[in-house]
Amino acid sequence: APGTVAVHNGADDNASGTVCLLEAARQLSLSAKKSGPDVSRRTLVFIAFSGEERGLLGSAYYVKHPRFELENTVAMLNMDMVGRLTNNDLMIYGTGTATEFNAMISKANDSLSFLIQRLPEGMGDSDHQSFFEKSIPVLHFFTGLHADYHRPSDDFDKINLSGIERITDMVSTLANQLTTDAAKPTFVKVKGRGIPLSNTPKRIRLGARLKLNNPGVVVDRVLSGGIAIKAGLQPEDKILKINDEDTSSRAEL
């Protein structure tokens with residue numbers, strides 16, 4: 001939070017995704033043991049990427065230096081901010097990036113009964129995008145933004161634990177099917193970026209990540225598709241005001 005000296009625990013962003021990853025690993029390990037050695041399974045790789053906020057640095061590095069050949073990577077499942085399930089609404093990006101995904105999601109949801117908002121696009125501001133750009137089908141699980149995003153108030157007491165548990169069941173079910181199906185999912189190069197529907201008022205965003213430089217702020221990163229890049233803003237540009245509003249108290253616009 002700009003101007004605040006406080007611990008940002010990041011319970012939703014993105015400890016929730018890390019918890020989902022670890023629990024999915026536990027569940028899938030048990031599933032593999034129960035099914036026994038006679039069941040043919042693909043290799044599962046569990047990765048917690050760093051540097052996402054700085055431009056998907058961790059996942060971008062991985063796809064350039066993969067542990068296993070990308071030609072043999074059949075899908076990527078991404079969990080980023082899955083800790084605030086509200087009204088049973090779950091957003092899943094990338095549902096159109098493989099022809100088989102929608103049917104798989106519907107089957108997995110039979111027992112979980114989420115109200116799923118399906119976004120077919122594989123482009124979006126999280127680590128699944130790095131894999132989609134390499135022609136790999138992706139699914140990205142997300143429970144939405146909130147007022148505590150990037151604030152000290154994003155803490156454990158506001159996490160929906162039963163929601164994370166159910167989302168993990170969904171992820172594990174889909175991952176298990178992807179590891180045991182003989183055929184790999186068929187990649188579809190969906191155009192555009194996933195933009196979730198929202199009941200919150202729409203705001204015009206500058207599209208730049210800023211850092212405090214008292215007075216004013218300095219452009220740290222220009223986000224693709226925003227007003228800033230169209231206006232010609234570049235990293236290290238200094239912004240003192242937008243219209244009559246002082247920017248010294250804002251770290252992201």
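Helices, here labelled H, are DSSP runs of at least four residues, numbered from the N terminus. In this predicted model, Asn14 is found in helix H1, and the peptide bond that joins Asp13 to Asn14 is cis, with omega at about 0 degrees. Most peptide bonds are trans, and most residues other than glycine have a negative phi. A positive phi, near 65 degrees, is found at Met81, a residue other than glycine, and Met81 is located in the loop between strand E1 (76-79) and strand E2 (89-93).

Two packed helices are described by the angle between their axes and the distance between the axes. Helix H1 (residues 11-35) packs with helix H5 (residues 161-180) at an angle of about 50 degrees, the two axes being 9 Å apart, which makes H1 oblique to H5. The crossing of H1 and H5 is right-handed. On the H1 side, the contact is made by Ser16, Val19, Cys20, Glu23, Ala24, Gln27, Leu28 and Ser31, while H5 contributes Ile164, Ile167, Thr168, Asp169, Val171, Ser172, Ala175 and Asn176. By residue type, the contact of H1 with H5 comprises eight nonpolar, six polar and two charged residues.

Aromatic side chains were examined next. Across the whole structure, a search finds five aromatic pairs, and one aromatic cluster is formed by Phe49, Tyr62 and Phe131. Charged groups also sit over aromatic rings: the charged end of Arg67 is placed over the ring of Phe68, at 4.8 Å from the ring centre, and Arg166 lies over the face of Phe114, 4.2 Å from the centre of that ring.

Definitions and conventions:
Residues are numbered from 1 along each chain as its sequence is written. This is a predicted model: local features need pLDDT of at least 70, side-chain atom pairs count only at pLDDT 80 or more; totals for chains, interfaces and linings use all residues. Side-chain values use heavy atoms; hydrogens and water are left out. Axes are lines fitted to C-alpha atoms, for helices over the stretch in contact, and angles run from 0 to 180 degrees between N-to-C directions. Helices (H or I, at least four residues) and strands (E, at least two) are DSSP runs, numbered from the N terminus. Angles under 35 degrees count as roughly parallel, over 145 as roughly antiparallel, 65 to 115 as roughly perpendicular and the rest as oblique. A crossing is left-handed if the near helix is turned anticlockwise from the far one by less than a right angle, and right-handed if clockwise. Contact means heavy atoms within 4.5 Å. Ala, Val, Leu, Ile, Met, Phe, Trp, Tyr, Cys and Pro count as nonpolar, Asp, Glu, Lys and Arg as charged, and the others, Gly among them, as polar. Rings of Phe, Tyr and Trp (its six-membered ring) pair if their centres lie within 6.5 Å; planes under 30 degrees apart count as stacked, over 60 as edge-to-face and the rest as tilted. A charge sits over a ring if NZ of Lys or CZ of Arg is within 6 Å of the ring centre and within 35 degrees of the ring normal.
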